[in-house]
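Below are my notes on the model, as numbered points. Please read them alongside the coordinates.

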Amino acid sequence: MSLNRREFIGIGGAALAGMALAPGLRLVELAGARSPEEAVTSLQRWGLLVDIGKCHDCDACVTACHEENGVTSHGRPATDPQWIRKVTLKDRQTGYVTTLPVMCQHCEEPPCVDVCPTGASFKRVDGIVLVDKHICIGCRYCMMACPYKARSFVHEDTTNQKAHAPRGKGTVESCTLCVHRVDAGRIPACVEACTKDGNKAMVFGDLKNPNSEINKRLASAPTTQLRPDLNLNTGVRYRGI
Amino acid sequence: MLVTALLTTALTFAAETSGVKSSRIGPTVKTYKGDKCVEDTEYMRRNHMKVILHQRDETMHKGIRTQKHSLKNCVDCHADPKTNSVLGKDGFCESCHVYTSVSIDCFSCHSAAPEKNGQPRKAADPAGLKEKMHTSAVMGTVNGKQP
């Protein structure tokens, strides 16, 4: 494993911050410590935990996501872009119904990145999988490769885009884990909405920080990835499926 | 090379001494808000695309979100307060790009309206602006007039 200078200093700083106080107490939390001119590092890996037991018939996350990112519907469900959706599962024997939000799973080994012919589909070093729309040619290979159906193609002209979320016809898009918010030390819109208006079923955090809320929850109860057989090591995990 | 340099110097000197104000070729671009750009005007005239392109990759891939060289910063300062856009006939970006016949596709994805309090204000209909841009470009060529 080779480290560049910045990562080495970062690790040193993190170790110092960890040593300074008692375990579990840190002066500087790794998340949100980055200034705007600092590049993202692999010291973090962002992830989500969705507790299906708490997720009920509510679409606060979907509404918040599409509002935050300016994803609008044209009233044509077959071609309308969808960054996050609610999936309903029904146990045919018992009739028990569960619903869960499904979005880009931010895989460690993303198939969408493997198949992209231009390098537009990429994974940031902090684990967020994105589409660089400047080099996306709209071939949609990534949409075919994604086992979670997480990506959408923009079929129609876009208007009134948000300044932080450029979107345009002819490119593929998907959940960005609200990268503009994460870079500013905030949490994704879906998590914020779920905590505020929903059922508090979502937790966002750094999977590499042993003291983060998400890691504590992951350690305390069984969770699963969707399609764990594919060995993609997703950043989004579910509890209670 | 030396001759050209000398000639240019001589001409500039002549222009300055005779008190004639040299008029620049091209459209008069309205800059709107701000007296001073993030870089010198001369530098920005030649290199604005390099600056934006560099910042684009830094932001997209490394998450570096400094305001200074961002497209958002350009739009925030240079948008026409009337149309709330950098596009349109008198728009900062479009007025010059139509003259130079350079098509910009930044705004097919990016918002051409400045962001206020984290939310973009209601922009003028971009489809209408695009239509206008196209017409003015065509008219410019046909009539040989500066749009």
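1. Strand 1 (residues 46-51) of chain A has six of its six residues buried, so it is largely enclosed by the rest of the structure. A residue is called buried if 20 or more other C-beta atoms lie within 10 Å of its own, exposed if 12 or fewer, and partly exposed in between, with C-beta atoms placed from the backbone. A:Trp46, A:Leu48 and A:Val50 point one way from the strand, A:Gly47, A:Leu49 and A:Asp51 the other way, and all are buried. Helices (H or I, at least four residues) and strands (E, at least two) are DSSP runs, numbered from the N terminus.

2. This is a predicted model: local features need pLDDT of at least 70, side-chain atom pairs count only at pLDDT 80 or more, and totals for chains, interfaces and linings use all residues. Residues are numbered from 1 along each chain as its sequence is written, and chains are lettered from A and ligands numbered from 1 in the order in which they are written.

3. Strand 1 of chain A pairs with strand 8 (residues 202-206) of chain A in the antiparallel sense, over five bridges; pairing requires at least two DSSP bridges between the strands. Here A:Leu49 stands opposite A:Val203. With strand 9 (residues 236-239) of chain A, strand 1 of chain A runs parallel, joined by four bridges, and A:Leu48 has A:Val236 as its bridge partner.

4. Contact means C-beta atoms, placed from the backbone, within 7 Å.

5. The contact between the chains takes 18 residues from chain B and 20 residues from chain A. On the side of chain B that touches chain A, the elements giving two or more residues are helix 2 and helix 5 (126-143) of chain B. Helix 2 of chain B gives the most, with four residues.

Terms used: Contact = placed C-beta atoms within 7 Å.
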